[in-house]
Structure formats: C-alpha cells, structure tokens
Amino acid sequence: MADVEVQPAEIVLLRNPMDVVNSNERAWHRDTTLAMRQWQVRTLLSLRDTDREHRILVTYEDLFGQTLTTLKRIATQFNLPWTSDEAALQAQIDDFIDSALQKSDSGENLADFEARTDVEPDVKALYLLGRQAVADPDYFASAEFQQRIDEMTDEYLAKYGALYRDFNVKINSKTFFVFGEDQDQVDQVNTTLRNGHVKMVGTEADSHEVAEDLSERLNNNTIAIQTYPLDYLVVEQKEALNNYLRKNAKRETLWGIGDAKNNEIVEMLTTVSAELGADTHNVVIADDLTTIIDERERRLAIQHLVRTLHAVEQPPYLVLMADELGTPASQSAVTAFIAAEPTKAAPLRDEQPDETFKLRTPLDMDEVAATLTALCRRASQDEQQQAALNHFVSLNYDEILNVKGDQYANSVRN
C-alpha cells in the first residue's frame with residue numbers, strides 16, 4: 001500500500017481467547033492449545049505491525065453488542081462521514097445481524113476472565129493488555145503500549161520458537177514438481193517417479209486449472225512474470241493452489257505434480273511451496289534447443305526453461321535432458337533424487353567471471369540456444385555444474401525474457 005501511496009486505516013478486532021478456542025473446537029475440532037497459540041500469534045502480530053497513528057482497537061463484543069456506538073467511534077477515528085439518521089442505520093443493523101448465529105459468546109466479564117486458572121499467564125496478560133488499550137485510546141497510541149507488545153512478542157519467540165509453527169501442522173513429506181514443454185516427456189518422468197513410490201498426478205491435478213488461468217493472464221500481460229505471485233489480482237488462485245498443495249503434502253509422504261502447465265506458473269509454485277515450508281524437489285526437463293526450427297517455438301521454449309531454472313535455483317533440483325529420458329543414467333538419477341535428504345546448504349556459487357557467461361546484445365538466439373543447451377547437458381551429468389548454469393541464467397535472465405518475436409527477427413537481420 002505504501003508503494004502506491006495509500007494510507008491504510010486499520011481496525012484491530014480483539015476477542016476473548018476462550019470464545020475463539022470454543023469456536024475453533026466446534027468448527028474444526030482444533031486442539032485447545034493450538035487454537036490458543038493461534039489467537040496469541042495473530043493478536044500479537046495485529047498489535048505489533050499496524051500503524052500506531054492510523055488504527056483503532058475494537059472488541060468483538062462491542063462490535064456486535066453495541067454496533068451503532070462502535071461504528072460511530074470508528075467513523076470518528078478515521079474522519080468518515082456519518083449518517084444524520086441513526087434510527088434508520090440502527091434498523092439496518094438489526095435487520096443484518098442475526099444473534100442466533102452467535103454460537104461461541106460466553107458473555108464472560110473481565111473480572112471472571114482474570115480469575116481463570118485454565119488460561120496460561122502470557123495469554124491472559126495479552127488479552128488484559130488489549131482490553132486496557134480498548135478502554136484507553138491514548139494508551140493504545142502510546143510508545144509504552146507498543147514497547148510492551150514488542151516485549152511480549154520477543155517472549156513468545158523465546159518460549160515457543162518461530163511464529164505460526166505452533167499451530168500449523170508440520171509438513172514432513174517430499175513434494176516433486178516436474179517441469180517440461182512436452183506432456184509425453186513429463187509423463188515419462190512421472191512414471192519413473194511412480195516407480196520410486198512417489199504419488200504423481202498429471203493434468204488431472206487441481207493446479208492445472210489455476211495454471212491455465214494464470215498462463216492466460218501472463219500471455220496477455222494482465223499480470224507480470226516478475227511480480228504475479230504477490231499480485232492481489234491472483235489472490236484467489238494463489239489461495240486455491242496453497243490449499244491444494246498443503247492438503248496433499250500433509251496427506252502423502254511422497255507426492256508431486258507432473259504437468260507441462262507447471263512451466264507456465266513455476267514462479268507461483270515455488271513461491272507457494274516456500275511459504276508452506278514444503279520440502280520441494282524440482283525436476284527440469286531440458287530440450288536440445290538447437291534442434292527447434294520454428295523461431296517462435298524456440299524462443300518460447302528458451303524463455304520457459306530460463307524462467308524455470310531461475311525459479312528453482314535453490315537446491316534441490318535435477319536437470320534431465322529430453323533426449324536422454326529413457327536411458328538408465330537418467331532413471332538412476334531420478335531414483336537417487338527421490339532418496340536424497342533435504343539440504344539446508346546454500347547453493348554452490350560459480351566463481352567464473354561474468355564475462356564468461358554474458359550474452360552479446362542484441363541477443364543472437366542461436367547462441368542462446370546452443371549455450372543454454374550445453375550448460376543444461378553438463379548439469380544433467382554433474383550436479384556441481386548447476387552452479388555454472390545458475391550463473392548463466394541469473395546473468396541473462398532479464399534480457400532473455402524481454403526478447404519478443406519482432407526483436408528476435410531484428411537480431412537475426414542484424
């Protein structure tokens with residue numbers, strides 16, 4: 001929002017944590033401790049990361065029990081226009097809010113909550129601090145309040161570890177993505193992975209429809225390759241992908257998606273996987289680009305491959321040459337890749353000077369095809385050569401992606 005010079009007005013809603021726990025238990029049968037930690041984390045982050053000068057703190061109970069008064073308080077805080085007919089607004093509120101739908105309101109007063117013995121001290125302290133801030137807006141806006149929230153966040157981290165880990169189910173499976181231009185080639189790798197007991201899905205995956213939608217938007221420039229995983233225009237698609245990947249990663253020990261459409265959304269797949277904390281293993285099928293005669297087809301194949309390699313640069317990934325998929329060496333490489341343990345080591349760096357890999361401009365696509373194919377072939381034979389391949393891709397990524405059909409034709413004529 002800052003990037004587009006928009007000033008947010010932030011309303012932080014505070015609810016009795018016991019009511020949140022009861023709601024979680026009824027709706028999702030969530031463990032009490034996990035639900036309590038989730039409430040604690042979300043409350044801490046909401047109070048820590050919102051803007052002290054442009055926010056208001058409201059209780060859930062006031063919002064639904066004293067709606068008109070609370071809405072007027074919000075409008076006053078943010079200089080919003082207010083109705084001259086409060087009776088009409090109250091009638092709208094009464095018509096809209098159905099109190100029968102409220103299933104988890106304990107009606108507990110503050111004194112009763114403070115006397116509880118079944119709530120951990122840090123949770124109790126946070127809720128009581130929040131209620132104090134609701135009653136005293138000047139205190140809520142003070143540096144003293146913000147310092148106390150910062151201290152509570154630090155105490156949480158010291159006691160429990162990284163935020164969110166306490167209530168998200170840990171993902172211990174391996175997720176495999178196969179990237180390639182040709183579905184028959186992708187299916188061939190899928191079969192090898194299945195032989196290694198990986199549950200692979202292809203074009204029937206729920207992600208296929210998301211990939212078709214996103215690829216269409218990328219092709220018509222509605223969204224940009226460099227930024228679309230963070231674009232608000234595709235939040236719905238990202239959420240669908242997130243839910244699908246999480247569900248399968250929690251359910252299957254070894255699973256993956258082998259779909260030629262993966263090429264189109266490699267940035268989104270790798271971004272969502274990283275956000276999930278998934279142990280993702282990427283298999284990249286590289287064609288011999290020098291054998292593609294059609295200029296447009298070759299340019300798109302080069303760009304897809306470069307996008308994929310750029311997105312999967314962090315280990316582990318495996319390069320397979322399309323013309324060697326049926327060889328025992330390729331099949332052995334996949335088998336070893338399945339068994340490999342995850343590594344937290346940084347990827348190897350190529351120490352050769354940039355001049356070794358920097359392409360001439362305007363780009364000669366014959367040179368690009370030959371160089372990229374040679375580097376991929378070496379990387380398919382020796383993982384240590386991935387560093388050189390990464391170096392080439394990162395150095396020439398922007399230039400290769402910016403080549404359009406007319407630019408390519410001009411470069412050939414020149």
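In the predicted model, Gln303 is in contact with Ile400, Leu401 and Val403, when neighbours within four places in sequence are left aside. Gln303 belongs to helix H14, which spans residues 295–311. The relative accessibility of Gln303 is 10%, and because the limit for a buried residue is under 20%, Gln303 counts as buried.

The search for cavities of 30 Å³ or more gave a count of 1. The largest cavity holds about 80 Å³ of space. Its lining is made up of 13 residues, and those closest to the centre are Glu181, Asn263, Ile285, Ala301 and Leu305. Two elements, strand S6 (279–286) and H14, each give two or more residues to this lining. The largest share, 4 residues, comes from H14. Sorted by class, the lining of the largest cavity consists of 7 nonpolar, 4 polar and 2 charged residues. Such spaces are found by calculation: rolling a probe the size of a water molecule over the atoms shows where empty space is left.

Leu14 falls within strand S1 (10–14).

Some backbone features were also recorded. Glu5 has a positive phi of about 60°, although Glu5 is not a glycine. This residue is located in the segment before strand S1. With a relative accessibility of 74%, Glu5 counts as exposed, because the limit for this class is over 50%. Asn221 likewise is not a glycine and has a positive phi, of about 65°. Asn221 is found in the loop between helix H11 (207–219) and helix H12 (235–251). Its relative accessible area is 64%, so Asn221 is exposed.

The peptide bond that joins Thr361 and Pro362 is cis, with an omega of about -5°. Pro362 is part of the loop between helix H15 (328–339) and helix H16 (365–381).

Technical notes. Residues numbered from 1 in each chain as written. Predicted model: local features only at pLDDT ≥ 70, side-chain atom pairs only at ≥ 80, totals over all residues. Heavy atoms only, no water. Buried < 20%, exposed > 50% of the residue type's maximum accessible area, 1.4 Å probe, protein only. Contact = heavy atoms within 4.5 Å. 1 Å grid on protein atoms, 1.4 Å probe; cavity = no way out; pocket = protein on both sides within 12 Å on 5 of 7 lines; lining within 4 Å. Points joined across faces, edges and corners; volume = space filled by probe spheres on them. Nonpolar A, V, L, I, M, F, W, Y, C, P; charged D, E, K, R; others polar.
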